[in-house]
Amino acid sequence: PGVIGVSEIYDPSTGYIYATNFMSNVIYAINPNTDKVVKVMPTLCFPEFLAYKDGYLYVTSFSQRLAEENPCNYKILWNDSFYNTFDVLFNTKYCLLYVTNEYCNIYVVNATTGSTVSSITVPGETKFLVCNPQTGYVYVIDNDSHSISVINGTKVVATINSKYEITSMAIINGYLYAGEVIAKGESCPHIAIINLNNNKVVGNITLSKYPTYIAYSDGLLYVTGIESQLPPFNSTLYLFNTTNNEMVASVNVLSLIH
């Protein structure tokens with residue numbers, strides 16, 4: 001009750017889901033088989049987004065910090081200052097962390113030491129990150145420019161342009177699913193399906209609400225959508241079949257965002 005969660009991530013070594021609690025400065029370890037919290041870990045003040053690597057967690061905070069934490073003994077191995085941190089992602093191909101800062105920069109960070117390897121500039125305010133596990137390419141939403149920057153290592157190698165505001169992303173079976181909402185003041189919520197071989201849109205899934213999060217499991221696409229960016233969110237959870245992009249089910253809930 002009263003929990004404000006920002007991010008969650010799965011730990012394949014334990015089977016737990018880790019979730020941040022922004023207001024209580026803790027990370028919960030949740031057993032998905034029982035839906036029970038099995039431990040509560042102290043962490044940075046105002047924790048936001050999580051990444052995972054070989055049994056260790058990386059957490060960003062609203063207090064402009066990035067830390068590596070051992071969930072077994074709750075020890076923080078390193079804790080460094082980064083300006084206005086937001087999302088964080090671990091790239092297994094390059095063994096590097098990528099951190100957005102809500103401006104036009106992405107920090108590339110050594111996951112072992114926390115030291116900055118590079119800072120990448122993109123056209124717009126940076127938000128969410130996803131990684132293509134096959135290529136190691138990192139995709140970042142450039143919020144102001146209505147585009148997605150494609151990063152290989154420490155360099156931007158391509159830009160995917162859109163006329164819509166982009167709110168969310170997921171990579172599924174070689175395709176980038178991008179949640180898009182508004183173009184020139186006109187609301188048009190949908191999921192654009194982009195072929196990553198040529199960065200071209202090959203399909204669209206129409207929605208009735210703004211998409212805020214996209215996930216995939218066992219042939220099903222899960223999308224959360226909200227009517228407004230202000231509470232009450234009047235949210236809907238959509239389920240789609242990725243074979244034909246047809247809706248399987250939708251569930252209305254009060255305030256589901258992520």
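Guide: Two strands pair if DSSP finds at least two bridges between them. Strands (E, at least two residues) and helices (H or I, at least four) are DSSP runs, numbered from the N terminus. With that rule, an open sheet of four strands is found in the order E17-E18-E19-E20, with antiparallel pairing. The model is a predicted one, in which local features need pLDDT of at least 70 and side-chain atom pairs count only at pLDDT 80 or more, while totals for chains, interfaces and linings use all residues. Residues are numbered from 1 along each chain as its sequence is written, and side-chain values use heavy atoms, with hydrogens and water left out.

Visitor: What makes strand E17 and strand E20 edge strands?

Guide: Strand E17 (166-172) and strand E20 (200-206) each pair on one side only. Neighbouring strands of this sheet are turned by 25° against each other on average, direction ignored. For such angles, axes are lines fitted to C-alpha atoms, for helices over the stretch in contact, and the angles run from 0 to 180 degrees between N-to-C directions.

Visitor: How do you know that strand E19 and E20 pair?

Guide: Strand E19 (residues 186-195) and E20 are joined in the antiparallel sense over six bridges. The rule asks for at least two, so the two strands count as paired. Ile191 has Ile205 in E20 as its bridge partner.

Visitor: Which other open sheet has four strands, and what is its order?

Guide: That sheet runs E9-E10-E11-E12, again with antiparallel pairing. Its edge strands are strand E9 (88-91) and strand E12 (116-121), each pairing on one side only. The twist from one strand to the next averages 20°.

Visitor: What makes E9 and strand E10 a pair?

Guide: Four bridges link E9 to strand E10 (residues 96-100), in the antiparallel sense. Phe90 stands opposite Leu97 in E10. Strand E11 (residues 105-110) and E12 also run antiparallel, joined by five bridges. There, Tyr107 stands opposite Ser119 in E12. E11 and E12 form a hairpin with five residues between them, and Gly114 in the turn has a positive phi of about 85°.

Visitor: How many bridges join strand E23 to strand E24?

Guide: Strand E23 (residues 235-241) and strand E24 (residues 246-253) run antiparallel and are joined by seven bridges. Phe240 stands opposite Met247 in E24. The hairpin of E23 and E24 has four residues between the strands, and Asn245 takes a positive phi near 60°.

Visitor: Why is Thr224 called buried?

Guide: Buried means under 20% relative accessible area, exposed over 50%, and partly exposed in between (1.4 Å probe, protein chains only). Thr224 has a relative accessible area of 5%, so the residue is buried. Thr224 is found in strand E22 (residues 220-226).

Visitor: What makes the approach of Thr224 to Thr212 a polar contact?

Guide: A polar contact is a pair of N or O atoms within 3.5 Å; within protein, one must be able to donate a hydrogen and the other to accept it, and residues adjacent in sequence count only if both atoms are side-chain atoms. The side chains of Thr224 and Thr212 make such a contact at 2.7 Å.

Visitor: Why does Asn143 count as buried?

Guide: The relative accessibility of Asn143 is 18%, and the cut-off is under 20%, so Asn143 counts as buried. Asn143 lies in the loop between strand E14 (138-142) and strand E15 (147-152). Not counting residues up to four places away in sequence, Asn143 touches Gly124, Glu125, Lys127, Glu165 and Ile166; contact means heavy atoms within 4.5 Å.

Visitor: And why is Asn70 buried?

Guide: Asn70 has a relative accessible area of 12%, so Asn70 is buried. Asn70 is found in the loop between strand E7 (65-69) and strand E8 (76-81).

Visitor: How do you know that the chain is as compact as a globular protein of its length?

Guide: The secondary structure of the chain comes to zero helices and 24 strands. Its radius of gyration is 18 Å, close to the 18 Å that the globule rule gives for 258 residues, so the chain is as compact as a globular protein of that length. The radius is taken over C-alpha atoms, and the rule is 2.2 Å times the number of residues to the power 0.38. Buried residues make up 48% of the 258 residues.
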